[in-house]
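Subject: Structure handover

Hello,

Here is the structure for you to look at. My notes on what turned up follow below it.

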Amino acid sequence: MADDRAVPPRGPQDFEKVLDQSSTEAASFEMRDTSPLAKFHHFLHANPTAAPVVVLILSCLVFGVIANNFFSAFNLSLIIQQVTIIGILGAAQTLVILTAGIDLSVAAIMVLSYMVMGRLAVQGDVPAILAVVIGLGVGLACGLFNGSLATRARLVPIAVAVLSWVFLLGLDLPLIYVVPIGMIAGLAIGWLNFGPALELRLPPFIVTLGAWSIFFALNLWYSESETVRSQDIDATAPLLKIFGLRVELLGAQFTLGSFLMVGIFIVLWYALNWTAWGRAVYAVGDDREAAELSGIRTDRVLLSVYGAAGFLCALGGWAAIGRVGSASPQSFYEGNLDAITAVVIGGTSLFGGRGAIFGTLFGALIVGVFRSGLKLGGVDVLWQTFAVGLLIIVAVAMDQWIRRVSA
Amino acid sequence: MSLKPVMTGRGLTKRYGRVTAMDSADFDLFPGEVLAIIGDNGAGKSTLVKALCGAVQIDEGEIRLDGEEIRFASPMEARDAGIETVYQNLALSPALSIADNMFLGREIHKEGIAGSVFKMLDKKKMRDFARDKLTELGLMTVQSITQAVETLSGGQRQGVAVARAAAFATKFVIMDEPTAALGVKESRRVLELIQDVKARGMPIVLISHNMPHVFEVADRIHIHRLSRRHAVIRPQDFSMSDAVAIMTGAMDPPAEMALPEGAVLN
């Protein structure tokens with residue numbers, strides 16, 4: 001036995017001796033790729049907004065040549081007006097997609113929120129400003145509902161919302177008050193953060209697919225499938241249409257809604273790039289487990305993201321009343337897909353953790369430019385849709401290629 | 001002079017349903033040492049380590065940090081107490097930069113209103129700090145501190161994770177299989193890093209299956225067997241085959257546990 005107890009080696013093993021003669025650059029961080037394509041690849045990888053900007057500029061140039069009126073101030077400001085709502089929905093969608101999730105209910109949240117604003121202000125005799133605040137609260141509540149199902153769901157707020165609907169309907173209170181009061185009550189109770197919670201962590205795709213139907217049904221129930229008419233809004237609550245007001249700037253007309261959209265993008269850009277919350281959003285989407293181990297409370301981050309998305313959808317709803325003029329429960333049926341399209345064309349990865357908020361603005365503008373340019377060029381609507389479909393596929397292919405930079 | 005343990009665990013027990021993953025296990029870590037933990041698969045060493053770093057909550061037993069009894073509800077709390085862990089999967093966010101990763105979950109805000117109201121990050125301060133820490137550990141051949149972690153090699157990523165742990169730990173660092181996924185040369189680099197971190201007086205808990213690496217850097221070896229501490233040996237007194245024999249039950253453990261010189265257990 002004694003022979004076995006030889007003094008164990010301290011220090012490098014025999015087979016490692018040759019390491020002394022080998023290159024010492026193992027731990028250096030040199031760049032190996034130097035071909036122009038590889039450099040371009042790295043550039044796109046490091047600057048996710050670069051690709052959509054290039055595409056936007058190129059498509060503007062092409063359509064400027066093809067279609068005569070493309071570069072008129074009128075047409076350009078029209079494009080911006082047309083992308084306002086989709087841009088805001090896309091901004092909300094970008095937040096969710098950055099966390100490797102998806103929110104299929106953005107358009108439904110928006111429609112429900114603006115129906116609440118419109119009906120309360122016009123038919124419910126609620127001061128317009130209060131109706132707007134309640135509508136924003138409804139959007140926030142919807143977003144938090146999605147977020148809680150994707151993380152841990154507190155049961156008390158949902159129960160409070162449903163029970164107050166039942167109770168208030170039993171008191172014969174009109175529906176237009178019942179639905180928002182119940183949701184706001186749930187939201188307020190949720191703030192207190194107590195009661196049992198279910199660790200559901202359901203996949204966002206399925207949760208928001210279900211939520212889409214739920215919110216859509218709520219919306220039909222609430223609105224009784226009736227549109228709040230434009231002239232009624234003008235008469236009783238002009239505040240609802242404030243984002244439809246136009247201002248003259250550099251010979252073009254811009255709606256206040258366009259400024260709202262740009263403002264939202266600037267605020268989100270700041271939050272994503274200059275705050276710890278923003279880093280956490282990227283980290284959660286990149287690798288949720290790693291983020292958790294790094295000390296990020298991933299459930300909280302996700303909940304805040306879905307809540308913020310719901311709130312932004314409601315803001316978009318306010319702008320939508322201004323844009324459309326009326327508040328119709330049947331509008332924006334394709335809003336979800338258009339918003340996802342803007343995000344994907346804007347270079348944000350559907351797998352999470354990669355992308356930039358301004359990419360979505362450029363993505364929405366690219367779609368707007370394509371539709372406008374093809375229309376001015378006399379191309380049929382179906383080919384406009386065809387072109388947008390192609391754009392999406394090219395954008396996803398680009399994303400896959402860009403992600404391979406580390407390989 | 002008496003050397004008191006940084007962390008002790010007594011009677012640590014953890015059950016998962018009917019399975020007892022850890023059965024009244026003990027643990028001692030002393031200042032300035034590298035303590036290796038070895039054990040067969042299923043011996044319960046990862047449960048022990050998770051209990052130390054707050055990822056698992058023990059059912060029974062007590063953990064003391066610098067003599068004070070503590071209980072961690074989450075890895076966050078252990079981290080706030082000064083215990084940093086380098087996880088086997090590194091817990092880095094590939095798309096974020098080196099600097100962002102080092103400060104993930106503990107960002108520095110700007111001073112004044114920009115920081116307090118607008119929560120603005122002090123990116124420059126964080127970059128400078130990250131660069132300093134990597135330079136201290138001789139890793140600053142990094143081309144750019146803003147480079148995404150996914151563009152680094154496995155060893156470089158390990159370097160970033162170790163630098164992060166060493167930079168923020170005030171009590172000790174836990175390293176889970178730091179050389180498991182690395183080549184010969186990069187493993188050597190990480191072993192040197194462990195020595196560097198130890199040289200600053202920072203105790204290290206090293207979990208590894210690699211006997212040569214364990215015997216090279218460890219001051220004491222904690223052998224885990226059948227859900228509890230089976231023996232603690234000094235690498236000078238035993239051979240690698242002895243360690244494996246004790247670990248697998250082929251050899252009886254030594255009667256006495258090895259302690260650092262001048263150590264006192266209370």
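Start with chain B. Four of its strands form an open, antiparallel sheet in the order β2-β1-β4-β5. Keep in mind that this is a predicted model. The edges of the sheet are β2 (19-29) and β5 (68-70) of chain B. Each has a single partner strand, so one side of each has no neighbour in the sheet. Ignoring direction, neighbouring strands here are turned by 30° against each other on average.

Strand β1 (residues 7-16) of chain B pairs with β2(B) in the antiparallel sense, over seven bridges. One residue pair to find on screen: B:Tyr16 has B:Val19 in β2(B) as its bridge partner. Helix α1 (residues 45-52) of chain B packs on this sheet and touches β1 and β2 of chain B. The direction of α1 makes about 60° with that of β2(B).

Another pairing in chain B is parallel. Strand β6 (residues 83-86) and strand β7 (residues 172-176) of chain B are joined that way over four bridges. B:Thr85 sits opposite B:Ile174 in β7(B). Is β6(B) buried or exposed on its two faces? Both faces are covered. B:Ile83 and B:Thr85 are buried on one side, and B:Glu84 and B:Val86 are buried on the other. In general, side chains of a regular strand alternate between the two faces of the sheet.

Now chain A, where two helix pairs are worth a look.

First pair: helix α6 (residues 155-170) and helix α7 (residues 175-192) of chain A. They pack at an angle of about 150°, with axes 8 Å apart. Angles over 145 degrees count as roughly antiparallel, so α6(A) is roughly antiparallel to α7(A). The crossing is right-handed. Residues making the contact include A:Trp165, A:Leu168 and A:Leu169 of α6(A), and A:Met183, A:Leu187 and A:Ile189 of α7(A). The contact has 15 nonpolar residues, four polar and no charged.

On α14(A), the contact is made by A:Thr341, A:Ala342, A:Val343 and A:Ile345. On α15(A), A:Thr360, A:Gly363, A:Ala364, A:Ile366 and A:Val367 take part. By class, that gives six nonpolar, three polar and no charged residues.

Best wishes

Note on methods: Residues are numbered from 1 along each chain as its sequence is written. Chains are lettered from A and ligands numbered from 1 in the order in which they are written. This is a predicted model: local features need pLDDT of at least 70, side-chain atom pairs count only at pLDDT 80 or more; totals for chains, interfaces and linings use all residues. Two strands pair if DSSP finds at least two bridges between them. Axes are lines fitted to C-alpha atoms, for helices over the stretch in contact, and angles run from 0 to 180 degrees between N-to-C directions. Two residues are in contact if their C-beta atoms, placed from the backbone, lie within 7 Å. Angles under 35 degrees count as roughly parallel, over 145 as roughly antiparallel, 65 to 115 as roughly perpendicular and the rest as oblique. A crossing is left-handed if the near helix is turned anticlockwise from the far one by less than a right angle, and right-handed if clockwise. Ala, Val, Leu, Ile, Met, Phe, Trp, Tyr, Cys and Pro count as nonpolar, Asp, Glu, Lys and Arg as charged, and the others, Gly among them, as polar. A residue is buried if 20 or more other C-beta atoms lie within 10 Å of its own, exposed if 12 or fewer, and partly exposed in between; C-beta atoms are placed from the backbone.
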